[in-house]
Amino acid sequence: MVEGRLAPGGKLRIEHLRTQYQVGAGTLREALTRLVSDALVTAEGQRGFRVAPIAIEDLEDITRLRVQIEIEALRQSIRAGGAQWRAALAGAYAAISAEEQPIAPHRRRQWEQLNVRFHEALLSGHASPWTLRVLRLLSRHSERYRSYAMGLPGSVRDVHAEHTEIFELAMAGQDARAALALEAHIRATPDLLIKALREGRAVLPGHEPPQHAA
């Protein structure tokens, strides 16, 4: 899970991280190299590593890819899914329902894990390991922005109702309607955050607030 504890663009100091996580320098550098390959960390040649920056354009691109890949994967899953898929999806839906009415801030880590489980269960009716790998990476990047969106003042969104609609349509075999519901669900958080950023109600780390004419 991506928790957002380290600021985007922030310097990753090897000695500090070694002490914090109680690991050797070699193990830590291997982990950082893997994060570089996932675009969650950037390497600066001989100057070390930094947390990857975040930007509206990045969020828009991630969202666009998630919609393209995840929607088609859901439709295939609903068409191919059998009794085992339905049972796994029902279990994942029951588990996340217990955590999101409403989502408690101190339980967000647990909710994020169950959210991943629910979304992967939706797609598990049609086995595609590469689709799952790509979506897991996109999901990790989406999490970097979700914490900012969830903290927006006055933001009203019933995530449980969204999950319920997707679940019921999927179980009913209505792949087209389920796909539309999933697309709206995927776009909801980015749309809220992007609107707040452009209106100056939120500022991403490493970015200056917009200047308004007098």
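Helices H5 and H6 cross in a right-handed sense, and their axes come within 12 Å at an angle of roughly 145°. The model behind this briefing is predicted.

**H5 with H6**

- Two packed helices are described by the angle between their axes and the distance between the axes.
- For H5 and H6, those values are roughly 145° and within 12 Å.
- From H5, the contact draws on Arg108, Trp111, Glu112, Asn115, Val116, Glu120 and Leu123.
- Facing them from H6 are Leu132, Leu135, Arg136, Ser139, Glu143, Arg146, Ser147 and Met150.
- Sorted by class, this contact holds 6 nonpolar, 3 polar and 6 charged residues.

**H5 with H7**

- H5 spans residues 108–123 and H7 spans residues 159–171; their axes come within 11 Å and cross at roughly 20°.
- Because of that angle, H5 counts as roughly parallel to H7.
- The H5 side of this contact consists of Trp111, Asn115, Phe118, His119 and Leu122.
- The H7 side consists of Val159, His163, Ile166, Phe167 and Ala170.
- Here the classes come out as 7 nonpolar, 3 polar and no charged residues.
- Trp111 and Asn115 of H5 take part in the contact with H7, and Trp111 and Asn115 are also listed in the contact with H6.

**The second largest pocket**

- Rolling a probe the size of a water molecule over the atoms shows where empty space is left.
- The second largest pocket has a volume of about 220 Å³.
- Its lining is made of 13 residues, and the closest to the pocket centre are Leu123, His126, Ala127, Ser128 and Thr131.
- Leu123, one of these, also belongs to the H5 side of the contact with H6.
- Of the contributors, H3 gives the most, with 4 residues.
- By class, the lining divides into 6 nonpolar, 5 polar and 2 charged residues.

- Most residues other than glycine have a negative phi, and most peptide bonds are trans.
- Pro102 sits in the loop between helix H4 (83–97) and H5.

Terms used:
Residues numbered from 1 in each chain as written. Predicted model: local features only at pLDDT ≥ 70, side-chain atom pairs only at ≥ 80, totals over all residues. Heavy atoms only, no water. Axes fitted to C-alpha atoms, helices over the stretch in contact; angles between N-to-C directions. Helix = DSSP H or I, 4+ residues; strand = E, 2+ residues; numbered from the N terminus. Parallel < 35°, antiparallel > 145°, perpendicular 65-115°, else oblique. Contact = heavy atoms within 4.5 Å. Nonpolar A, V, L, I, M, F, W, Y, C, P; charged D, E, K, R; others polar. 1 Å grid on protein atoms, 1.4 Å probe; cavity = no way out; pocket = protein on both sides within 12 Å on 5 of 7 lines; lining within 4 Å. Points joined across faces, edges and corners; volume = space filled by probe spheres on them. Left-handed = near helix turned anticlockwise from the far one by under 90°.
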